[in-house]
Amino acid sequence: MPEINEELRKMQNTYEKILEDLPETRESVIPALQLVQKSRGYLPGDGLEFIADYTDTPLANVYSIATFYSQFYLEPQGEHTVKVCQGTACHIKGANEIYEALLGKLGIAPGEVTPDGKFTLTTVRCLGACSLAPVMMVDDKVYGNQTPDEARDVLDEYRD
Amino acid sequence: MPNPTATELVEIEINGEKFAGEQGSTILEIARENGIEIPKLCHMDQLEPTGACRMCLVELVDSGKLVTSCTHPAEDGMKVETDNERIHRSRKLNLELLLSNNTEVVDCDSDETRCEFSKLLKQYDVEVESYAGEKRNHENIEDNPFFKLDHDKCILCGRCVRACEEIRGRSAIDFVGRGFDTKIAPPLDRSLTEGTCQFCGQCVDACPTGALTSKMRIEKGDPTQVEKTSTVCTYCGVGCRMNVYTKDGEVVDVAPDPEAPANDIRICSKGRFGFDFVNRDDRLKQPLIKEKDEFREASWDEALDLVSEKLSEIKENHGSNAIAGLSSATCTNEENYLFQKFMRATVGTNGVDHCARLCHASTVAGLVRAFGSGAMTNSIGEIKDADTILITGSNTTESHPVIGLEVKKAVENGADLIVVDPREIDIAKEDATMYLRQNSGSDVAWIMGMIRVILEEGLWDEKFVEARTENFEEMREAAEEFTPDRVEELTGIDKKKLRKAARLYANADRGSILFAMGITQHSHGTDNVLAIANLAMVTGNVGKESTGVNPLRGQNNVQGACDLGALPNVYSGYQNVDLEENQKKFEDLWDVDLDPNPGLTVVEMIREAEKGNVNGMYIMGENPMVSDPDLGHVEKGLENLDFLVVQDIFMTETAEYADVILPAASFLETSGTFTNTERRVQHFDRALEPKGNSRPDWEIISQVSTRMGYPMKYGSADEITDEIADVTPIYTGITAERVANKQGLQWPCVTGDCTGTKYLHKGQFSRGLGKFHALHYREPAELPDGDYPFTLTTGRMYYHFHTRSMTGRSQGLDELVPEAYMEINPADAEALEVDSGDLVRVSSRRGEIEIKAKISDRVPSETVFIPFHFAEAAANRLTNSVLDPIAKIPELKVSAVNLEKVG
């Protein structure tokens, strides 16, 4: 039996609180993943193990689900997630320039976190806001009709 | 899947011909039943269909639609084509696309599962270059001792994932990631050794591409050029039939035989990956003679002459009973029969026994008294249909893994499972409806307590008791003393729980009891077994399909060794030696005078050797220096012998004490029959030539006997099989010819044309009426006290077998669990300031060992558990050799010990 240290116990209590409203069944796996990610910013290994235990689902299945959906992150993410749309409309309207501009500004490779922990930058296929192309999204907020300069300014708003 | 309750049939037309099938069948099922081949990759008959690979596409003639036949239900009047140009094109395209991401294909065309993809590529004439595309670049999985997953060969059919989940219930692996980057892997990038994997190899056996392959096969060169022999596993009593793949005189792989009667397509880690010991260089290959405490090699003639000379000398000087023999539960029926014949006819003593004495002697004694037969009443395949299962004293999932899976199936089918065990073993944690923890050695109390509840609440089967049993009133009276309060006091089982469990079992339609060493290895083991028989009879839970009393035998042929008379009181087929008509019968058959007195049992032989009353011993394939209780005394006994001959495949701890060692062939190098725990006699052929100069045991015994003046001239093991059938009533129909198939025959098989017996005591018990026994409570012989405050209990673990003479020499199994450990409760560990991995000195009145602690809440406080496999920290240095007065089984399950942290 693994030694249960104080920290682990604390973490378990935290997870228990996070999930307390969910039924302890397999159907709860996805909502549980969402709740834990919302609270921790990503899905740490101990969180996945707790969810497996809580929902009585093999860890391999939980991990499989967590790695299947692009909404889930297994590594810590920046405080803000920036998604640049790469859909057809955005592509034509110059999404790539925006993406390159942001990569340059943040000094990171796609999917990485800035050294200050503020941003993660990724692309998405389509945000369904083609009329606003080119579009980017910071956390839950959509920014349409962007230029590279505007996009850079948007990020500055989140810096403070 | 066909619905078993549906009786309605559907008729469909396949390729212009009409076929009927059960309502609810898929197109694929009806095609398969009628021998029509439809190719498939993601589907296996034993798995739920998913329709993922699209290889089983067939065309519905009316609509022109292509549908997956593995998932599409057959509807009445449906017309189906299973092959035409369009289907062919579609399948070929599928294969080309599957291949486009793979860099490697195992090129083979045998009937092995691993060749399925390769064969389809050839059949559909698929060229590797058709759609050569981007290749995945995953790191292969090989950080475990047994197998490798090569992602470059994987087509992501998911069979391994589903086999692991659906057949084994482990879910150790799953799809990871999405789209092009998907791979099969254990969770969190961990090693398989860290998760739920039990290395049974079910995934390897399910893989249609060879992406999953055992490491041994990869190391031993071209994995496709191998020979296949169907044989029977020699670990545990399940008797798994398996195919052994050999090349250049070595084992290169093992897989379950798909036609296996007892195990279906399953096998455990020991059977799948634990037979590399056969290849080892330290096998005994030449006879050895001890001179001045050193062994030197000798010729067979010299060694056999010396053995016959020395044994004859002892016989001459001290009489036949000064020689004792240990036969082997690992050897074949033929070898066991011959060994007891040799001891009785050639040496002239009934002093022959084997390690069944240490495991199920009390079962045989108890069940023969109660029912008239000491074997499992039912078959392994019936377990899944029981509606209530009571497991006690059996760590089923570890000691009999395939039977453990059948119990899990029963639970999935809705059965209630009651587990009564001092340790909260996996099956108690994972599958039990109720888990009851009794104090070690208090079994008569809880079982009789349950009976009392059942009688009190009127839940007993009056009709059954009336018609089929005797001595009920005496038993009923004895049960009176086991009031729930007293039982709670004696056993520690909460009285309400006991009552609930009693009701659950009593209300079963098909109640099955499974038990093993936890019941038998006590100084009152026979009483424990009689109590179980009482419980089954009082509720009428015996003599029906899926309903009965099932002792799970521990070694591959311990049932057979008992059946064939490797016991001091019976000839083959449980014919008592002290019955004059039996003595006469065998004197006539064997043409020799026989001793009418039963001989010594295992522990008695050792005691008499220590006293100087036994001067010579012949030990075939047994290792008492690890397996027997109170090893200090075993050592003295063996040292005190004038002459010891050991016949084995390795230099065991016991062989070190021998004067002559005779090198035996392993089971893969001989042929014969084994009898598994469900009484199934299974024939197997030789897969390899004997290693070095080793010889099959039956040949060696014959040669010693002939030299001692009692000629044994058998041309083959089959001749012995036939002699057994001639002299053994329960084996009458089990001749070499009739048993030479994969299904074998289940005894009793008392006529020449019998088809075997699936379950016992139908209509009437073997002894006529079932006999109840009045039982009273007796404590274990040694209870914890101030000096030795802990209870020690011993047993097995999943990855090792018996004294590790085989599994300890299997590279992978030994790598996985290389050393002994002691399970200790967290509270006790804290009090002793012991962490997992710390060395603890464990002492009893008989000896002491040092062993690493493993903190575990499986064991209750004040009880520790040590697996008995490990010679270097041998649990049997500590155990008590006090015997059950009837069965002479030692009390291996309860001894008092003291614990001290070392350093």
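## Terms and basis

A salt bridge is here a side-chain nitrogen of Lys or Arg within 4 Å of a carboxyl oxygen of Asp or Glu. This is a predicted model, in which local features need pLDDT of at least 70 and side-chain atom pairs count only at pLDDT 80 or more, while totals for chains, interfaces and linings use all residues. Residues are numbered from 1 along each chain as its sequence is written, chains are lettered from A in the order in which they are written, and side-chain values use heavy atoms, with hydrogens and water left out.

## Where chain A meets chain B

Across the interface of chain A and chain B the rule finds 1 salt bridge, and A:Glu49 forms a salt bridge with B:Arg190, their closest N and O atoms being 3.1 Å apart. On the side of chain A that touches chain B, the elements giving two or more residues are helix 3 (45–54) and helix 4 (59–68) of chain A, helices being DSSP runs of H or I with at least four residues and strands runs of E with at least two, numbered from the N terminus.

In total, 15 residues of chain A are in contact (heavy atoms within 4.5 Å) with 18 residues of chain B.
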